[in-house]
Amino acid sequence: MTSQPTVKTLLILGASGDLTGRLLLPGLARLVARGRAAGLRLVGAGSDPWTPEQWRERVHASFEAAAGSATPEGKEALQSLEKETVYHQLDVTAEGALASLLGALEGPTAVYFALPPRISQLACESLRPEQVPPGTRLVMEKPFGSSEDSARSLNQTLVRLVPEDHVHRVDHFLGKATVLNILGLRFANNFLEPVWDRHHVEKVEIIFDEDLALEGRARYYDGAGALRDMIQSHLLQIMALLAIEPPATIGERDLRDAISAVLRASSVPEPYAGSTRRARYTAGQAGGKDVPDYAREEGVDAERGTETLAEIQVNIDNWRWNGVPFILRSGKAMGAKRKEAVVTFRPVPHLPRGFTGVDSPNKLRIGFGPDTLRFDVDVNGPGNIFSLSRATLETELSGSDLLPYGEVLEGVLAGDPLLSVRGDTAEECWRIVEPVLHAWQQDSVPLEEYDAGSAGPAAWPTAVPGD
Ligand code: NDP
């Protein structure tokens, strides 16, 4: 698959923002340092009256770390990008402002909306189709809308401006290596596919627990919560990859069609008090730090009842998966970091009499970042050869030499939307979680508590790490 840039200019809107400084520019730097963004121009824009030097300093600070490990050509590419980068002050919501900047840049241009979601939407609404030069790519950050309706209306605004395959809805969580690792595992191993269905799989869990607490991000997180922040935007995508039908190719069309088919078949079963759980942390110790009650964290409105740990069961109502629960869970301030998908197989239909010990179900665990594979199998011994015990076969899967945002940018620059969330899929993900959000708002599901640094409320079945 080609990774030759087709984009000439990367325009970052929100040049002074947190995302740009902490993730975008370092991701770009590593990409350039590896010689994988030849000939690219970088343009920053923001509402601050920055001098060109101020912007260049910001770029320099982010490029410095990557320069250390760059090849001589990579170093040169970094220096030249830094030297030639320019900054424009503009209010992107002002009539004609973004359009005239777009018209002045050497295209094709990728416009990265590193802006608050509302501002990105206004900026897109302010553009008329004839003001967007052919070949322009629009890169949209999460959250993409806040409901199925708002995602649909944003999609309608975007496709008025550029074709769907020129819209990149960023999901930096699922890097290219992880996507390909899952596809390789599933579709290049003949022994797996025949058992990858309702007859052999009992349940699939997708867990993303972090030990970090709020880390000063109340302004964003308190309005979002774990269900919107992680499950709606990222874990449903992983679920879809684990559940898709075998695609004919790993091109964006085949893969994104298959993902879309899974999500269209997915829903959270009622009653939600049985299929969903939510909780928020109280004071404790997590990630080596003292953590206060979430409700007392700076900037949090305790009355809002924002969850910091969420778990939902998703059913995929199709031939392959009918009756198999997919459990998606994500939490903050947890005792242990845990980022994995666990496929639990059904017990054997008959264990020959004469064996002793425990016949545990096989489990396949796919760990994310770094990607790993572990397969729990029953073996005989040690000692008594009639006694069964557990052995784990494990390996590391290949990673990427880019940072997550470098992978995102590489796809954007090459004009490959493989890693982008397609418009219909963004709407489906909201459709799946919206009834749950509504039920939680009505308090139909209790908001439980867990100590920061614990494994979550003890009664939750997923609260047993290592199981
Ligand atoms: P910030 O608030 O840090 O930055 C927003 C930027 O937008 C600022 O540079 C601001 O400039 C600029 N801006 C605001 N209004 C205008 C305007 N009218 N015209 C031009 N520029 C404007 O936000 P983040 O960087 O944190 O987030 C940006 C996007 O990325 C959001 O959609 C967020 O959800 C998403 N995101 C962020 C992550 C993160 O870790 N930060 C992670 C994943 C996604 P000024 O200050 O001059 O107004």
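Tutor: A residue counts as near a molecule if its C-beta atom, placed from the backbone, lies within 6 Å of it. Keep that cut-off in mind. This is a predicted model.

Student: How many residues surround the ligand, and which are the closest?

Tutor: The ligand is surrounded by 19 residues. Gly14, Gly17, Asp18, Leu19 and Glu141 are the closest. Now look at the elements behind them. Both α1 (18–33) and α5 (117–125) give two or more residues to this shell.

Student: How do the residues of that shell divide by class?

Tutor: There are 8 nonpolar, 6 polar and 5 charged residues in the shell around the ligand.

Student: Can we look at one pair of strands?

Tutor: Take β1 (residues 9–13) and β4 (residues 109–113). They pair in the parallel sense over 5 bridges. Find threonine 9, then look across to β4: its bridge partner there is threonine 109.

Student: Which residues meet in the contact of α1 with α3?

Tutor: Ala29, Val32 and Ala33 come from α1. From α3 come Gly74, Ala77, Leu78 and Leu81. By class, this contact has 6 nonpolar residues, 1 polar and no charged.

Student: And α2 with α3: what are the angle and the distance between their axes?

Tutor: Helix α2 (residues 52–68) packs on α3 at about 175°, and the axes are 10 Å apart. α2 and α3 are therefore roughly antiparallel to each other. On the α2 side, the contact is made by Arg56, Val59, His60, Phe63, Ala66 and Ala67. On the α3 side, Lys75, Leu78 and Glu82 take part. The contact of α2 with α3 divides into 5 nonpolar, 1 polar and 3 charged residues.

Student: Let me step back. Where do the domains run?

Tutor: The domain assignment gives domain 1 as 9–169. Domain 2 is 176–400 + 421–451. Their centres, taken over C-alpha atoms, are separated by 32 Å.

Student: How many residues does the contact take from each domain?

Tutor: It takes 12 residues from domain 1 and 10 residues from domain 2. On the domain 1 side, α6 (148–161) and β6 each supply at least two residues. α6 gives the most to that side, with 4 residues. The domain 1 side that touches domain 2 has 4 nonpolar, 3 polar and 5 charged residues.

Student: Last topic: the backbone. Which peptide bonds are cis?

Tutor: Check omega. The bond from lysine 142 to proline 143 is cis, with omega near 0°. Proline 143 lies in the loop between β5 (137–140) and α6. The bond from glutamate 270 to proline 271 is also cis, with omega near 0°. Proline 271 sits in the loop between β8 (266–267) and α11 (272–275).

Student: What is phi of glutamate 215, and where is that residue found?

Tutor: Phi is near 55°, a positive value in a residue other than glycine. Glutamate 215 is in the loop between β7 (201–209) and α8 (218–221).

Note on methods: Residues are numbered from 1 along each chain as its sequence is written. This is a predicted model: local features need pLDDT of at least 70, side-chain atom pairs count only at pLDDT 80 or more; totals for chains, interfaces and linings use all residues. Ala, Val, Leu, Ile, Met, Phe, Trp, Tyr, Cys and Pro count as nonpolar, Asp, Glu, Lys and Arg as charged, and the others, Gly among them, as polar. Two strands pair if DSSP finds at least two bridges between them. Domain bounds come from an automatic or database domain assignment. Two residues are in contact if their C-beta atoms, placed from the backbone, lie within 7 Å. Axes are lines fitted to C-alpha atoms, for helices over the stretch in contact, and angles run from 0 to 180 degrees between N-to-C directions. Angles under 35 degrees count as roughly parallel, over 145 as roughly antiparallel, 65 to 115 as roughly perpendicular and the rest as oblique.
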